[in-house]
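These exercises take the reader through selected parts of one structure. Each task is followed by a worked solution.

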Amino acid sequence: MFWEEGEEEEEILDSRIQNIKKEGFSVLILFVLVFIVLFLSFGFPEYNISMPIAYNGGDDFSVYKNAKMLSEGSGWISETQRLGAPYGAEYHDFMPDALMNVDNLLIKFFGIFTDDIILNVNLTVFFLFFVIAGTAYYALRQMGVRNDFAVMGAVTFDFMYYHFMRMISHFSLGAYEFVPLSVLLCVWLWKDEKLFVYGKEFFRYKKNYLVILFALLIANNGIAYYAFFTCMFLGITGVSRTIKEKKFRYLAKMCGMIAPIVLFMAVSLIPSLLYQLKNGFLLTSRQIGDSELYAMKLIQLLIPYKDYGIQKLQDFHSEYYKVFTFTEAFMSYLGLVAGLGFLFLLFAILRKRTKESDNKSILTLLVELNVFAVLFATMGGFSSIFANFVMGLIRGVNRISIFIGFFSIAALCIVMTTLVKHEFVRFKRAKGILYVLFVVFVVLGLKDQIPDHITGNSVVYAEERASDEEFIQSIERQLPAGAMIYQLPYHPYPEGGPVFDLADYHLLIGYLYSDTLRWSYGGSKGREGDQWNKEMSEKEMPEMVEALKKEGFAGIYLDKRAYEEAVFDNIYNVINVCLGYEPSHSKNENLYFWKFE
């Protein structure tokens, strides 16, 4: 009988090797497809990877600032002496920044290979396309989806419209690589009876270690939003299982899986909390109506952002935002594939359950999570109650749409996997037709999701960036290391808002393209340095110049975009008269610099 046992072990080993090869081949195909779609979407080789994808002076500049900070000084994004001069800058007040450590580590890693902050961020962005596809594929396979459908589902999820709209401008949200793992945690809680069972067997069950690892990653990604949504969905899953099974152990397991996420978030926030305990709390405030303004809207989930030459869609696009405020919620469009999956999950509520096993079906779980996601995030939903009576910082709840997108894509992939096993497609021809139809639908879905001109402004951005960089470096060549430059206009940081043509973070240009100079902009608003900066800006020009010289500043930098033409001309002339000479300026005539003689 020993040879029979040996043959069985050999068969098991051969089977495992074949499975590994199959998975490896599937992952290879997945990454090749991601590369092809990226190549076509971004218009390579015409698009140069060092050219800015975004260069608007908004949140994209805050990402470039982080890349710069990660490459110098303390090597992290919490403090720098090169901003907020003469006091320096510490960024512990805006605590969500402490919850994007995984993505900052990626930026820091790519910074090893290049000093170019634009290239660094671009490399990170492109790398994340492959990471998102990989985690989505893994989660779908863990849900029992066939390899081929998992590949197609992962590619579709990777190239969501949401991704392109958030890519750099909302980098911390465009890096949604752990969303599939969040959903997978819910699936495991739903189906795996061995998971997080407390006792001496706990540390012998390897999947528990994965749960803890996923919790660590999720807690340090998505500036608290993705961690919050994960905990909410785990809560819904645990309560649902408890009601269905009438066993309270599921509540214990639920709490056990939420606890490490909360713990890892708390650990990440310790430096911020210690700073604020020492210096006083200045938490970011939100308006009472923000939860409604940035709520998810079903119409924006489902109506295409492209008009496809259809007059009805053209009319809708032109009229809708005349009535309703244009906010980031438009980024939540699901696309053809996820949109169909979303509608399927909604109507699946009505299906008749015929088997007890339906209670453990992953589709049942996805239906329930999808419904609660809509009830929570839609305008006037539970999120509004939460924001107004519990905590207002979770305001951009339209961001839950990326979870809805994965629920929807996973549901379709599960349905397709089930269909190809069904009796009515046991014939190869029927299975082939079904397969081809799904492939065509996915291709059309990708075409629908991906914007037509992702890099359409890159040439203009590159020219503006070249002008900025050349000018700042010319200033740096004139001044000794550590020289301080006072910036006009005064503008609070962060979230000061645009002023005329000056975007929120345009004043970071000096910091981005210098290595030794210190800049007055960028001190955390409400703190001592910010107050000093504001008071300095309110002085009459002769008094300001004398005060700046006494403080050790080497010159005045002015961004023209913050002023109307007449106001700029007046300030320009006053400074010229005060100093007795004219400034140097950038090639695009946006930036001006007066060096103190």
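This is a predicted model: local features need pLDDT of at least 70, side-chain atom pairs count only at pLDDT 80 or more; totals for chains, interfaces and linings use all residues.

**Exercise 1.** Give the order of the strands in the open sheet, and explain which strands stand at its edges.

*Solution.* 
- Step 1. The sheet has 5 strands in the order β4-β3-β5-β7-β6, with mixed pairing.
- Step 2. β4 (518-519) and β6 (584-585) each have a single partner strand, so one side of each lacks a neighbour in the sheet. These two are the edge strands.

**Exercise 2.** Describe how β7 pairs with β5 and with β6, and state how many of the residues of β7 are buried.

*Solution.* 
- Step 1. Between β5 and β7 there are 5 bridges, in the antiparallel sense. Asp 559 has Leu 591 of β7 as its bridge partner.
- Step 2. β6 and β7 are also antiparallel, joined by 2 bridges. Here Ser 584 stands opposite Phe 593 of β7.
- Step 3. β6 and β7 make a hairpin with 5 residues between them. In the turn, Glu 589 has a positive phi of about 60 degrees.
- Step 4. Of the 5 residues of β7, 4 are buried, so the strand counts as mostly covered, buried meaning under 20% relative accessible area.

**Exercise 3.** Work out which residues of helix α23 are buried, which exposed residues lie on the face turned away from them, and what covers the buried side.

*Solution.* 
- Step 1. Helix α23 spans residues 541-551 and lies across β3 and β5, at about 135 degrees to β5.
- Step 2. Met 541, Met 544, Val 545 and Leu 548 are buried in α23.
- Step 3. Viewed down the axis of α23, the buried residues fall within an arc of 100 degrees, so they line one face of the helix.
- Step 4. Glu 546 and Lys 550 are exposed, on the face of α23 turned away from the buried side.
- Step 5. The cover over the buried residues of α23 includes β3, α22 (528-537), β5 and α24.
- Step 6. Just after α23 comes Gly 552, with a positive phi of about 100 degrees.

**Exercise 4.** State the angle at which helices α4 and α5 pack, and name the class of this arrangement.

*Solution.* 
- Step 1. α4 (residues 117-142) and α5 (residues 147-158) pack at about 140 degrees, with their axes 8 Å apart.
- Step 2. That angle makes α4 oblique to α5.
- Step 3. The crossing of α4 past α5 is right-handed.
- Step 4. The contact residues include Phe 129, Phe 130 and Tyr 137 of α4 and Ala 150, Val 151 and Phe 157 of α5.

**Exercise 5.** Is Phe 248 buried or exposed?

*Solution.* 
- Step 1. Phe 248 lies in the loop between α10 (225-245) and α11 (249-279).
- Step 2. The relative accessible area of Phe 248 is 66%, so this residue is exposed. The cut-off for exposed is over 50%.
- Step 3. Gly 238 and Phe 248 are 10 residues apart in sequence, and their C-alpha atoms are 9.1 Å apart in space.

Definitions and conventions
Residues are numbered from 1 along each chain as its sequence is written. Side-chain values use heavy atoms; hydrogens and water are left out. Two strands pair if DSSP finds at least two bridges between them. Contact means heavy atoms within 4.5 Å. Axes are lines fitted to C-alpha atoms, for helices over the stretch in contact, and angles run from 0 to 180 degrees between N-to-C directions. Buried means under 20% relative accessible area, exposed over 50%, partly exposed in between (1.4 Å probe, protein chains only). The arc is that of the directions from the helix axis to the C-beta atoms. Angles under 35 degrees count as roughly parallel, over 145 as roughly antiparallel, 65 to 115 as roughly perpendicular and the rest as oblique. A crossing is left-handed if the near helix is turned anticlockwise from the far one by less than a right angle, and right-handed if clockwise.
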